Amino acid sequence: MYEELDPLLMSQLRLTVMSYLMVAREADFNRLKEETGATSGNLSIQIGKLQEAGYIEIEKTYRNNYPLTLCRITPVGIEAFDQFQQKLQAYFKR
Amino acid sequence: MEDKEQPFSPADSLRVIQQTIEVAKRRVQENGFYLLLWGTLVVIAGLWDFFIGWNSKNTINPHLPWMLMPIVGGVATIVYEIRRQRTHVERNTFNTLYGMTWLGYGITVPLLIMYVLKADLSPTQPILAMTGFALFISGLVLQFRPIIGGAVVIWVGALLAIFTEPVWHSLIMAVATGIGYLIPGYLLNRSKRV
(Lines give C-alpha, C1' and ligand atoms only; values in the text may rest on other atoms or scores of the structure.)
Protein backbone atom coordinates (compact mmCIF):
# COMPACT_ATOMS: atom_id res chain seq x y z
CA MET A 1 0.00 0.00 0.00
CA TYR A 2 2.65 2.49 1.04
CA GLU A 3 4.62 1.83 -2.14
CA GLU A 4 1.66 3.00 -4.23
CA LEU A 5 1.37 6.32 -2.44
CA ASP A 6 3.58 9.29 -3.16
CA PRO A 7 6.29 9.06 -0.46
CA LEU A 8 6.71 12.81 -0.49
CA LEU A 9 3.15 13.21 0.75
CA MET A 10 3.46 10.45 3.33
CA SER A 11 4.76 12.98 5.81
CA GLN A 12 2.30 14.69 8.10
CA LEU A 13 3.89 18.12 7.79
CA ARG A 14 4.29 18.06 4.01
CA LEU A 15 0.77 16.69 3.59
CA THR A 16 -0.62 19.44 5.84
CA VAL A 17 1.17 22.10 3.81
CA MET A 18 -0.09 20.63 0.53
CA SER A 19 -3.68 20.25 1.83
CA TYR A 20 -3.69 23.85 2.97
CA LEU A 21 -2.31 25.07 -0.34
CA MET A 22 -4.85 23.03 -2.28
CA VAL A 23 -7.49 25.40 -0.90
CA ALA A 24 -5.50 28.58 -0.39
CA ARG A 25 -3.32 28.16 -3.52
CA GLU A 26 -0.90 30.60 -1.92
CA ALA A 27 0.16 31.28 1.66
CA ASP A 28 3.02 33.05 3.34
CA PHE A 29 5.54 31.19 5.46
CA ASN A 30 4.18 32.52 8.76
CA ARG A 31 0.66 31.42 7.93
CA LEU A 32 1.90 27.89 7.17
CA LYS A 33 3.91 27.90 10.38
CA GLU A 34 0.82 28.91 12.30
CA GLU A 35 -1.40 26.32 10.62
CA THR A 36 1.04 23.44 10.97
CA GLY A 37 2.53 24.29 14.36
CA ALA A 38 5.93 23.37 12.94
CA THR A 39 9.20 25.04 13.82
CA SER A 40 10.66 27.45 11.26
CA GLY A 41 13.62 25.18 10.59
CA ASN A 42 11.53 22.07 10.07
CA LEU A 43 9.01 23.86 7.89
CA SER A 44 11.81 25.34 5.78
CA ILE A 45 13.27 21.88 5.17
CA GLN A 46 9.91 20.37 4.25
CA ILE A 47 8.75 23.12 1.92
CA GLY A 48 12.21 22.91 0.35
CA LYS A 49 11.55 19.26 -0.46
CA LEU A 50 8.16 20.13 -1.94
CA GLN A 51 9.81 22.82 -4.02
CA GLU A 52 12.50 20.42 -5.26
CA ALA A 53 9.76 18.05 -6.42
CA GLY A 54 8.07 20.93 -8.25
CA TYR A 55 4.95 20.67 -6.08
CA ILE A 56 5.19 24.22 -4.85
CA GLU A 57 7.06 27.35 -5.85
CA ILE A 58 8.54 29.78 -3.38
CA GLU A 59 8.71 33.49 -3.95
CA LYS A 60 10.77 35.69 -1.69
CA THR A 61 9.54 39.24 -1.73
CA TYR A 62 8.83 42.23 0.52
CA ARG A 63 5.63 43.66 1.91
CA ASN A 64 5.61 46.92 3.85
CA ASN A 65 9.43 46.71 3.95
CA TYR A 66 9.33 43.30 5.67
CA PRO A 67 10.62 40.12 4.00
CA LEU A 68 7.83 37.83 2.88
CA THR A 69 8.10 34.23 1.75
CA LEU A 70 5.17 33.15 -0.36
CA CYS A 71 4.50 29.48 -1.09
CA ARG A 72 2.33 28.70 -4.08
CA ILE A 73 1.09 25.29 -5.23
CA THR A 74 1.97 24.39 -8.83
CA PRO A 75 -0.07 22.41 -11.39
CA VAL A 76 2.34 19.50 -10.77
CA GLY A 77 1.57 19.72 -7.05
CA ILE A 78 -2.17 19.81 -7.68
CA GLU A 79 -1.92 16.74 -9.90
CA ALA A 80 0.20 14.88 -7.33
CA PHE A 81 -2.20 15.75 -4.53
CA ASP A 82 -5.24 14.67 -6.57
CA GLN A 83 -3.61 11.34 -7.37
CA PHE A 84 -2.65 10.86 -3.72
CA GLN A 85 -6.23 11.51 -2.65
CA GLN A 86 -7.63 9.16 -5.30
CA LYS A 87 -5.32 6.36 -4.20
CA LEU A 88 -6.31 6.92 -0.59
CA GLN A 89 -9.98 6.71 -1.48
CA ALA A 90 -9.35 3.56 -3.53
CA TYR A 91 -7.59 2.06 -0.51
CA PHE A 92 -10.62 2.63 1.69
CA LYS A 93 -12.96 1.14 -0.89
CA ARG A 94 -11.09 -2.14 -0.81
CA MET B 1 4.19 19.48 14.68
CA GLU B 2 7.57 17.85 14.40
CA ASP B 3 9.01 16.28 11.32
CA LYS B 4 7.07 13.12 10.57
CA GLU B 5 9.38 11.41 8.15
CA GLN B 6 8.06 8.01 9.13
CA PRO B 7 5.07 7.05 7.00
CA PHE B 8 1.78 7.28 8.77
CA SER B 9 -1.36 5.35 8.04
CA PRO B 10 -3.79 6.05 5.18
CA ALA B 11 -6.43 6.87 7.77
CA ASP B 12 -4.09 9.45 9.30
CA SER B 13 -3.42 10.88 5.85
CA LEU B 14 -7.11 11.24 5.14
CA ARG B 15 -7.71 12.85 8.53
CA VAL B 16 -4.90 15.36 7.95
CA ILE B 17 -6.28 16.25 4.52
CA GLN B 18 -9.84 16.70 5.76
CA GLN B 19 -8.88 18.72 8.84
CA THR B 20 -6.47 20.99 6.99
CA ILE B 21 -8.86 21.67 4.12
CA GLU B 22 -11.56 22.56 6.64
CA VAL B 23 -9.21 24.99 8.40
CA ALA B 24 -8.13 26.54 5.09
CA LYS B 25 -11.73 27.08 4.03
CA ARG B 26 -12.44 28.96 7.24
CA ARG B 27 -9.66 31.35 6.37
CA VAL B 28 -12.01 33.22 4.09
CA GLN B 29 -11.32 36.72 5.24
CA GLU B 30 -14.85 37.95 5.64
CA ASN B 31 -16.08 39.28 8.94
CA GLY B 32 -19.45 40.65 7.91
CA PHE B 33 -18.22 44.23 7.60
CA TYR B 34 -19.65 44.75 4.13
CA LEU B 35 -23.00 43.23 5.02
CA LEU B 36 -23.27 45.50 8.04
CA LEU B 37 -22.09 48.57 6.15
CA TRP B 38 -24.30 48.24 3.07
CA GLY B 39 -27.20 46.84 5.07
CA THR B 40 -27.19 49.89 7.32
CA LEU B 41 -26.96 52.28 4.37
CA VAL B 42 -29.82 50.61 2.48
CA VAL B 43 -32.04 50.52 5.58
CA ILE B 44 -31.43 54.25 6.22
CA ALA B 45 -31.99 55.17 2.57
CA GLY B 46 -35.09 52.97 2.26
CA LEU B 47 -36.75 54.25 5.43
CA TRP B 48 -35.88 57.85 4.57
CA ASP B 49 -37.34 57.43 1.08
CA PHE B 50 -40.50 55.79 2.40
CA PHE B 51 -41.29 58.17 5.24
CA ILE B 52 -40.21 61.40 3.51
CA GLY B 53 -41.79 60.35 0.22
CA TRP B 54 -45.02 59.40 2.03
CA ASN B 55 -45.77 63.05 2.68
CA SER B 56 -46.17 64.59 -0.76
CA LYS B 57 -46.03 68.11 0.73
CA ASN B 58 -42.47 67.47 1.89
CA THR B 59 -39.87 69.56 0.11
CA ILE B 60 -36.96 67.29 1.07
CA ASN B 61 -35.81 65.02 -1.75
CA PRO B 62 -36.77 61.47 -0.67
CA HIS B 63 -34.23 59.96 -3.06
CA LEU B 64 -31.29 61.90 -1.63
CA PRO B 65 -29.93 59.02 0.53
CA TRP B 66 -29.93 56.70 -2.51
CA MET B 67 -27.69 59.19 -4.30
CA LEU B 68 -25.40 59.63 -1.29
CA MET B 69 -25.26 55.92 -0.49
CA PRO B 70 -22.76 54.89 -3.22
CA ILE B 71 -20.44 57.74 -2.22
CA VAL B 72 -20.53 57.00 1.54
CA GLY B 73 -20.40 53.23 1.01
CA GLY B 74 -17.73 53.52 -1.69
CA VAL B 75 -15.40 55.65 0.46
CA ALA B 76 -15.90 53.38 3.50
CA THR B 77 -15.22 50.31 1.35
CA ILE B 78 -12.01 51.75 -0.12
CA VAL B 79 -10.70 52.83 3.32
CA TYR B 80 -11.56 49.46 4.86
CA GLU B 81 -10.01 47.52 1.99
CA ILE B 82 -6.77 49.52 2.08
CA ARG B 83 -6.46 48.89 5.82
CA ARG B 84 -7.27 45.21 5.40
CA GLN B 85 -4.71 44.71 2.64
CA ARG B 86 -2.04 45.99 5.03
CA THR B 87 -2.75 43.29 7.58
CA HIS B 88 -3.92 40.34 5.50
CA VAL B 89 -1.83 39.12 2.61
CA GLU B 90 -3.45 35.80 1.93
CA ARG B 91 -5.46 35.11 -1.18
CA ASN B 92 -7.37 31.95 -1.79
CA THR B 93 -9.92 30.52 -4.16
CA PHE B 94 -12.81 31.30 -1.84
CA ASN B 95 -11.77 34.90 -1.14
CA THR B 96 -11.36 35.45 -4.85
CA LEU B 97 -14.73 33.93 -5.73
CA TYR B 98 -16.44 35.93 -2.98
CA GLY B 99 -14.82 39.18 -4.16
CA MET B 100 -15.56 38.50 -7.82
CA THR B 101 -19.22 37.77 -7.06
CA TRP B 102 -19.67 41.22 -5.53
CA LEU B 103 -17.58 42.88 -8.23
CA GLY B 104 -19.92 41.36 -10.81
CA TYR B 105 -22.88 42.54 -8.74
CA GLY B 106 -21.41 46.04 -8.57
CA ILE B 107 -21.20 46.15 -12.36
CA THR B 108 -24.55 44.50 -13.13
CA VAL B 109 -26.78 46.44 -10.74
CA PRO B 110 -26.01 49.96 -12.04
CA LEU B 111 -26.64 48.68 -15.58
CA LEU B 112 -29.96 47.21 -14.47
CA ILE B 113 -30.92 50.44 -12.69
CA MET B 114 -30.14 52.48 -15.79
CA TYR B 115 -32.22 50.11 -17.92
CA VAL B 116 -35.31 50.03 -15.67
CA LEU B 117 -35.25 53.78 -15.03
CA LYS B 118 -35.07 54.38 -18.78
CA ALA B 119 -38.05 52.07 -19.19
CA ASP B 120 -39.79 54.03 -16.40
CA LEU B 121 -40.04 50.98 -14.14
CA SER B 122 -39.28 50.49 -10.45
CA PRO B 123 -35.69 49.31 -9.90
CA THR B 124 -36.60 47.54 -6.64
CA GLN B 125 -37.40 44.09 -8.04
CA PRO B 126 -34.28 43.63 -10.20
CA ILE B 127 -32.02 45.07 -7.48
CA LEU B 128 -33.46 42.74 -4.85
CA ALA B 129 -33.38 39.75 -7.21
CA MET B 130 -29.71 40.39 -8.07
CA THR B 131 -28.86 41.05 -4.43
CA GLY B 132 -30.47 37.77 -3.42
CA PHE B 133 -28.41 35.98 -6.07
CA ALA B 134 -25.09 37.54 -4.99
CA LEU B 135 -25.91 36.83 -1.36
CA PHE B 136 -26.83 33.23 -2.15
CA ILE B 137 -23.47 32.64 -3.89
CA SER B 138 -21.69 34.33 -0.96
CA GLY B 139 -23.45 32.07 1.51
CA LEU B 140 -22.36 29.01 -0.45
CA VAL B 141 -18.77 30.25 -0.78
CA LEU B 142 -18.49 31.13 2.90
CA GLN B 143 -20.46 28.04 3.89
CA PHE B 144 -22.51 30.21 6.21
CA ARG B 145 -26.19 29.33 6.31
CA PRO B 146 -27.53 32.62 7.73
CA ILE B 147 -26.32 34.33 4.55
CA ILE B 148 -28.23 31.82 2.43
CA GLY B 149 -31.26 32.53 4.64
CA GLY B 150 -30.69 36.25 4.04
CA ALA B 151 -30.71 35.62 0.29
CA VAL B 152 -34.08 33.87 0.58
CA VAL B 153 -35.51 36.82 2.56
CA ILE B 154 -34.33 39.23 -0.12
CA TRP B 155 -35.79 37.07 -2.89
CA VAL B 156 -39.11 37.08 -1.03
CA GLY B 157 -38.83 40.88 -0.91
CA ALA B 158 -38.30 40.93 -4.69
CA LEU B 159 -41.39 38.78 -5.16
CA LEU B 160 -43.42 41.00 -2.84
CA ALA B 161 -42.33 44.10 -4.75
CA ILE B 162 -43.79 42.65 -7.97
CA PHE B 163 -47.27 42.57 -6.43
CA THR B 164 -47.24 45.87 -4.54
CA GLU B 165 -47.51 49.51 -5.52
CA PRO B 166 -44.22 51.38 -6.02
CA VAL B 167 -44.93 53.53 -2.96
CA TRP B 168 -44.16 50.48 -0.78
CA HIS B 169 -40.98 49.50 -2.58
CA SER B 170 -38.52 51.54 -0.54
CA LEU B 171 -39.98 50.07 2.66
CA ILE B 172 -39.76 46.55 1.24
CA MET B 173 -36.17 47.25 0.25
CA ALA B 174 -35.33 48.50 3.76
CA VAL B 175 -36.99 45.62 5.58
CA ALA B 176 -35.71 42.86 3.25
CA THR B 177 -32.17 44.23 3.33
CA GLY B 178 -32.35 44.88 7.06
CA ILE B 179 -33.14 41.21 7.67
CA GLY B 180 -31.14 39.77 4.78
CA TYR B 181 -27.92 41.72 5.38
CA LEU B 182 -27.80 42.88 8.98
CA ILE B 183 -28.69 39.64 10.77
CA PRO B 184 -26.22 37.42 8.80
CA GLY B 185 -23.64 40.24 8.95
CA TYR B 186 -23.95 40.41 12.73
CA LEU B 187 -23.77 36.63 13.08
CA LEU B 188 -20.76 36.44 10.76
CA ASN B 189 -19.03 39.20 12.67
CA ARG B 190 -19.76 37.47 15.98
CA SER B 191 -18.43 34.15 14.74
CA LYS B 192 -15.08 35.89 14.01
CA ARG B 193 -14.50 33.96 10.85
CA VAL B 194 -11.47 36.05 9.93
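# Report on chains A and B

W66(B) sits in helix α3 (residues 64-87) of chain B. This is a predicted model, in which local features need pLDDT of at least 70, side-chain atom pairs count only at pLDDT 80 or more, and totals for chains, interfaces and linings use all residues. Residues are numbered from 1 along each chain as its sequence is written, and chains are lettered from A and ligands numbered from 1 in the order in which they are written.

## Chain B

W66(B) counts as partly exposed, with 19 C-beta neighbours inside 10 Å. A residue is called buried if 20 or more other C-beta atoms lie within 10 Å of its own, exposed if 12 or fewer, and partly exposed in between, with C-beta atoms placed from the backbone. Leaving aside residues up to four places away in sequence, W66(B) touches A45(B) and D49(B). Contact here requires that the C-beta atoms of two residues, placed from the backbone, lie within 7 Å. L41(B) is 25 residues from W66(B) in sequence, and the two C-alpha atoms are 8.7 Å apart.

Chain B has seven helices and zero strands. Helices (H or I, at least four residues) and strands (E, at least two) are DSSP runs, numbered from the N terminus. The loop between α4 (93-118) and α5 of chain B contains D120(B). This residue is not a glycine, yet its phi is positive, about 60 degrees. D120(B) is exposed, with 6 other C-beta atoms within 10 Å.

Helix α7 (residues 169-190) of chain B has 22 residues, which should span 32 Å at 1.5 Å a residue; the end C-alpha atoms are 31 Å apart, in agreement. The expected span is 1.5 Å times one less than the number of residues. At G178(B), α7(B) bends by about 30 degrees. The bend is the angle between axes fitted to the seven residues ending at a residue and the seven starting there. Buried residues of α7(B) include H169(B), I172(B), M173(B), Y181(B), P184(B) and L188(B). Among the elements that cover the buried residues of α7(B) are α2 (33-54), α5 (124-142) and α6 (145-162) of chain B.

## Chain A

Chain A has four helices and three strands, which follow the pattern α-β-α-α-β-β-α along the sequence. Its three strands form an open sheet in the order β1-β3-β2, with antiparallel pairing. Strands β1 (26-28) and β2 of chain A are the edge strands, each pairing on one side only. Two strands pair if DSSP finds at least two bridges between them. On average, neighbouring strands of the sheet are turned by 25 degrees against each other, direction ignored. Three bridges join the antiparallel strands β1(A) and β3(A), and D28(A) stands opposite L70(A) in β3(A).

Axes are lines fitted to C-alpha atoms, for helices over the stretch in contact, and angles run from 0 to 180 degrees between N-to-C directions.

Helix α3 (residues 40-52) of chain A has 13 residues and reaches 18 Å from its first C-alpha to its last, close to the 18 Å expected at 1.5 Å a residue. Which residues of α3(A) are buried? They are L43(A), Q46(A), I47(A) and L50(A). These residues cover an arc of only 95 degrees around the axis, which puts them on the same side of α3(A). The arc is that of the directions from the helix axis to the C-beta atoms. An α-helix has 3.6 residues a turn, so residues three or four places apart point the same way. The buried residues of α3(A) pack against α1 (12-24), α2 (29-36), β2 (56-63) and β3 (66-73) of chain A. Exposed residues G41(A), G48(A) and E52(A) lie on the face of α3(A) turned away from its buried side. After α3(A) comes G54(A), with a positive phi near 85 degrees.

## The chains in numbers

| Chain | Length | Buried | Contact share |
|---|---|---|---|
| Chain B | 194 residues | 29% of residues | 68% of contacts |
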